[in-house]
Amino acid sequence: MPRVRCPIGTLRSRAGKQVVFVVRHTVAELNLAELDRAQLEEALAARGHERFHARQIFGWVYRHGVVDPDQMTNLSRDLRATLTSEFSIATPAIAERHRSTDGTEKFLLRLADGQQIESVFIPDTPAMTFCVSTQVGCAMACAFCLTGKMGLVRNLTAGEIVGQVRVLAQALDLLDKPFNIVLMGMGEPLHNYDETMKALKILADDHGLALPPRRVTLSTVGLLPALERLAREPLMPNLAVSLHAPTDAQRGQLVPLNKKYGVAEIIAACKRFPVRKRSRITFEYVMLAGVNDSPEDARRLARLLSGVKSKVNLIPLNAAAGIPFERPSDPAINQFAKILADRGLIVSVRKSRGRDIRAACGQLIVEGQRRSPAQTLAINLGQVG
Ligand code: SAH
């Protein structure tokens, strides 16, 4: 009887019959989307390939939006085979895409484990801007924010944060054009610090998208230890701080985290923050009728920000069912802005974009996935959706 050749082996059974082992051998695939270039170089070297190929692969994935190794035509057949058999690259899938009358587009993206997030494209502000999520849901539970009602479902990985940029840039044909990124989608970026910073590193890579950190704005509710850590980062994004009120009494009602890190501490940290030349910290201020929009609030805010390299971005509330606040009148908003401007502050009023598709600030919420208790409660109360 001819011997069957098999890389795994053959065996003779007691009855003398030859039995061929069929062993399913699974090589753990490395998700290339989660690797910064140094890590990819390591992974290639460990498999006997030259490190410099990492640059070519970054170019394909991030500059050209090519994720199929067979289309990476300047790589050897051998390397393409390695990429096919030992690597994968997870890319968020577009589950839904909605276009607002003002050109804003909201993308509902499905991740590998079925969780969903939202990312928003805001054109002509004057730049092209992608508003990107850093978490599924959010733990911060700000009183006026719909995402806060979901609770935190999980952190996004660096690959998932960057994946949103890859998907949007490709879908909008912007891969080779300049764009800005604001980390103002779902989640609190400083509550997912390491993955967010790794995402910025991947985005900034010269051989990939080469997105300079000055094109990125990180918006935080003020997680103080993480803010101090951010101040020492080599890759420094622009900073936006969600302040929303000039006193602890008011802010504590709106931002639960304020009970831990109060207004004075946040402002002191901002004063120490190494702000780039010709740059300023943006203070976001959601305007809520009768809560934080009085002339006295404006005067307090101006006093608070004196000595801070700041600009104030007033965000009239995007009202939604389940949000127990109202948007102030336009004259009230203008009066507030004028008081700040008269005291030498740089003020802008954020134009609300994409409200008709619920893509505006604080309106990002994904339903129909595993819900946190807070989210379930909100939905049962008929407050959401
Ligand atoms: N967690 C981060 C980033 C996400 S939210 C942060 O708090 O900064 C981006 C901005 O939208 C924040 O300033 C947030 O306070 C604001 N926002 C949340 N809900 C809003 C709503 N309903 N109307 C207007 N702005 C809102």
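How many of the seven residues of strand β15 (residues 310–316) are buried? Six of them are buried, so defined where the relative accessible area is under 20%, as against over 50% for exposed residues and values in between for partly exposed ones, with a 1.4 Å probe and protein chains only. The structure is a predicted model, in which local features need pLDDT of at least 70 and side-chain atom pairs count only at pLDDT 80 or more, whereas totals for chains, interfaces and linings use all residues. Residues are numbered from 1 along each chain as its sequence is written, and side-chain values use heavy atoms, with hydrogens and water left out.

The secondary structure of the protein comprises 12 helices and 16 strands, these being DSSP runs numbered from the N terminus, with helices (H or I) of at least four residues and strands (E) of at least two. Buried residues account for 52% of the 385 residues. Among the contacts in the protein with a separation of 6 or more, 66% join residues 24 or more positions apart, where a contact means heavy atoms within 4.5 Å. The accessible surface, computed by the Shrake-Rupley method with a 1.4 Å probe and, for residues, with only the protein chains shown as cover, comes to about 18,200 Å², and carbon and sulfur atoms contribute 51% of it.

Strand β15 pairs in the parallel sense with strand β14 (residues 281–287) over seven bridges, pairing being assigned if DSSP finds at least two bridges between two strands. Within this pair, F283 stands opposite V312 of β15.

Strand β7 (residues 116–122) is likewise mostly covered, with seven of its seven residues buried. Q116, E118, V120 and I122 lie on one side of β7 and I117, S119 and F121 on the other, and both of these faces are covered. Strand β6 (residues 105–110) runs antiparallel to β7 and is joined to it by six bridges, E105 having F121 as its bridge partner. The hairpin of β6 and β7 has five residues between the strands, and G114 in this hairpin takes a positive phi near 90 degrees. Strand β8 (residues 129–131) also pairs with β7 in the antiparallel sense, over three bridges, and here C131 is the bridge partner of V120. β7 and β8 form a hairpin with six residues between them, in whose turn D124 has a positive phi of about 55 degrees.

Around the ligand there are 19 residues, of which F144, S219, S242, H244 and N318 come nearest, a residue being counted if one of its heavy atoms lies within 4 Å of the molecule. Pairs of N or O atoms within 3.5 Å are taken as polar contacts; within protein, one atom must be able to donate a hydrogen and the other to accept it, and residues adjacent in sequence count only if both atoms are side-chain atoms. An N or O atom in the side chain of S242 is 2.6 Å from an oxygen atom of the ligand, and a polar side-chain atom of H244 lies 2.9 Å from a ligand oxygen atom. A polar side-chain atom of E188 lies 3.1 Å from a nitrogen atom of the ligand. Taken alone the ligand exposes 530 Å², and the protein buries 96% of that area.

E188 is also approached by Q135, a residue of strand β9 (residues 135–137), whose side chain reaches the backbone nitrogen of E188 at 3.0 Å. The side chain of Q135 makes a further polar contact with that of H191, at 3.2 Å. Q135 counts as buried, with 0% relative accessibility, and its contacts beyond four places in sequence include I117, L152, R154 and M186.

In helix α6 (residues 193–204), I202 is buried at 1% relative accessibility. I202 and D36 are 166 residues apart in sequence, yet their C-alpha atoms are 5.4 Å apart in space. Not counting residues up to four places away in sequence, I202 touches A33, L35, D36, F58, Y62, A158 and V162. T247 lies in the loop between β13 (238–242) and α8 (248–254), where its side chain makes a polar contact of 2.8 Å with the side chain of Q250.

The structure holds zero disulfides, a disulfide being a pair of cysteine sulfur atoms within 2.5 Å. For C142, the nearest cysteine sulfur, that of C145, is 6.3 Å away. C142 is buried, with a relative accessible area of 14%, and C270 is buried at 3% relative accessibility.
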